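Dear colleague,

Please find the structure below, handed over for your study.

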Amino acid sequence: MAKSFEEVLGRLQALGVPGVIASLDPEQASKADPLAPVPARKPGTKGPFGDPHLLVEAKRIPEVLRTLRDDPELRFEMLADVTGVDYAKEAANLGVIYVLLSLAHHTRLVLRADVPKAAPRLPSAVEIHPAANWHEREAGEMLGLVFEGHPDPRNILLSDDWVGFPLRKDYEFPVEYHGISCV
Amino acid sequence: MGLLEHRLDENVLTTRIDWLINWARLSSIWPMTFGLACCAIEMMAVGAAHHDMDRFGAGAFRATPRQADLMIVAGTVNFKMAERVKRLYEQMPSPKYVIAMGACATGGGPYYKYGYNVVKGVDRVVPVDVYVAGCPPRPEALLEGLMKLQDKIRRSAVLRKPGLPEGALFVPAPS
C-alpha cells in the first residue's frame, strides 16, 4: 500500500510505467533517473511548483492513469479534477492538471502534463475515468486544449459560437456578442 | 356585516376606468419563477412566510412566462443567458414589468471589469422598470422595489392620454 508521495513514486518505479517524469520540483528532477526520489519538503511548506506532483508525458496520460487506478498498491480510483493552467503569456506550454484520490488508501496524487501552446493536444482520459468528461470539456473551452478521443467535445459553459479561450493569458475580451455590447 | 354594507346604494360603485385597471394590475403582479444567482435566494426569502410577498399580491410565482406579469432578474446575466432572458421576456403577455434585482442585473456588479461573459446590466437586453440596489439586496429592498413598481403602475395611463393629470380624460382644447 503506497501512502506517501515517495511510496507512490517507488511503486511506479518498480512497475516501470513509461512517460512519468517524477519530481517534487520538476526543475530539479534528475535527467539520468527521473524517477529517483527527491527529498520531501517539510510538511506544510510549498515549493516553487506548489504541491508535490508527477510530471507525465502528455501522450502517456491514459496509461499512467490506468496503472494508478488498477494497481492494487496504488488504487487511485477517483479522478477528482482535471483542469488546465496557462502559466504566463510568454510560456511555451500549457499545464494540464489531474487530481487523483485513492479512497482505499486515503491519499491524493496530482499529475501534470505539459502540452505546447502551438498544438495543445493530448489524449482524453474519459475511457479510464468517466468523471473526466465534463472536466475535459471545461478545460478544453477555457484554454483551447484538445482532448483527442473525447466522446462529446462540445462547449459546456460558454456558448457554442464563443470566440477565444477566456483563461488564456493573452485572451482579449469580446466587444460585442449577438448585438449586446460587452463594454 | 362587512365594511361596505349600506355604503353603496343599489350596489353601484363609481370610479375611473384608469384607476380600476391600474388597481387591478398593481394588486396582482404575478412574478415569474426565475432566478439566476444568489439574489434568487433573497427573492425566495421575500416569497416565503417571514417577508411574504403575497401581502402585495405578488406571491404567485408562475412557472411559465405566459402567466407572468413581472420578471425579477435576480442574479448575474451572462451572454449565454441573455438571449434566453430576452426570449422569456418576449413570451410574457403585456402589460409586463421587469425588476433588475441587485448589482449584477443592474450593471454587471463585481463582474463589471473582468467578467468577460457577464452582461453589464440586464437593461441592455430587456427594458427595466425598477432597479433594486444591493449585493444581494435585503428582502426589504426587493419589497420596496415592488412597491416602487406599484407606484409606477398606479401612475400609468391606460385610457387617458399619458402626461395628463390624473382624472383628466381629454386633451383640453387649445385656447
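To begin with the interface, 16 residues of chain A are in contact (heavy atoms within 4.5 Å) with 13 residues of chain B. The area buried between the two chains is about 1,100 Å², with 65% of it given by carbon and sulfur atoms; buried area is the accessible area (1.4 Å probe) that two parts lose on being put together, summed over both. On the side of chain A, the residues that lose the most area to chain B are A:Phe173, A:Ile180 and A:Cys182, which together account for 40% of what that side buries.

A note on conventions is needed here. This is a predicted model, in which local features need pLDDT of at least 70 and side-chain atom pairs count only at pLDDT 80 or more, while totals for chains, interfaces and linings use all residues. Residues are numbered from 1 along each chain as its sequence is written, chains are lettered from A and ligands numbered from 1 in the order in which they are written, and side-chain values use heavy atoms, with hydrogens and water left out.

Chain B has five helices and three strands; helices (H or I, at least four residues) and strands (E, at least two) are DSSP runs, numbered from the N terminus. Along the sequence, their pattern is α-α-β-α-β-α-β-α. Of the 175 residues of chain B, 37% are buried, where buried means under 20% relative accessible area, exposed over 50% and partly exposed in between (1.4 Å probe, protein chains only).

Two helices of chain B, H2 (residues 39-47) and H5 (residues 139-155), pack at an angle of about 75°, with their axes 9 Å apart. Axes are lines fitted to C-alpha atoms, for helices over the stretch in contact, and angles run from 0 to 180 degrees between N-to-C directions. H2(B) and H5(B) are therefore roughly perpendicular (65 to 115 degrees) to each other. H2(B) contributes B:Glu42, B:Met43, B:Ala45 and B:Val46 to the contact, and H5(B) contributes B:Pro139, B:Leu142 and B:Leu143.

Chain B also holds cis peptide bonds. One joins B:Ser94 and B:Pro95, with omega of about -5°, and B:Pro95 is in the loop between helix H3 (79-91) and strand E2 (97-101) of chain B. Another runs from B:Cys135 to B:Pro136, with omega near -10°; B:Pro136 is in the loop between strand E3 (130-132) and H5 of chain B. For background, most peptide bonds are trans, and most residues other than glycine have a negative phi.

In chain A, A:His106 has a positive phi near 55°. A:His106 lies in the loop between E4 and strand E5 (107-116) of chain A and is exposed, with a relative accessible area of 68%. A:His178 likewise has a positive phi, of about 50°, and is found in the loop between strand E8 (176-177) and strand E9 (180-181) of chain A. A:His178 is partly exposed, at 43% relative accessible area.

Finally, helix H3 (residues 132-143) of chain A is mostly covered, as nine of its 12 residues are buried. Among them are A:Ala132, A:Glu136 and A:Leu143. Their cover includes strand E3 (78-86), strand E4 (93-102) and strand E7 (146-148) of chain A. Just after H3(A), A:Gly144 takes a positive phi of about 75°.

Yours sincerely

Note on methods
Angles under 35 degrees count as roughly parallel, over 145 as roughly antiparallel, 65 to 115 as roughly perpendicular and the rest as oblique.
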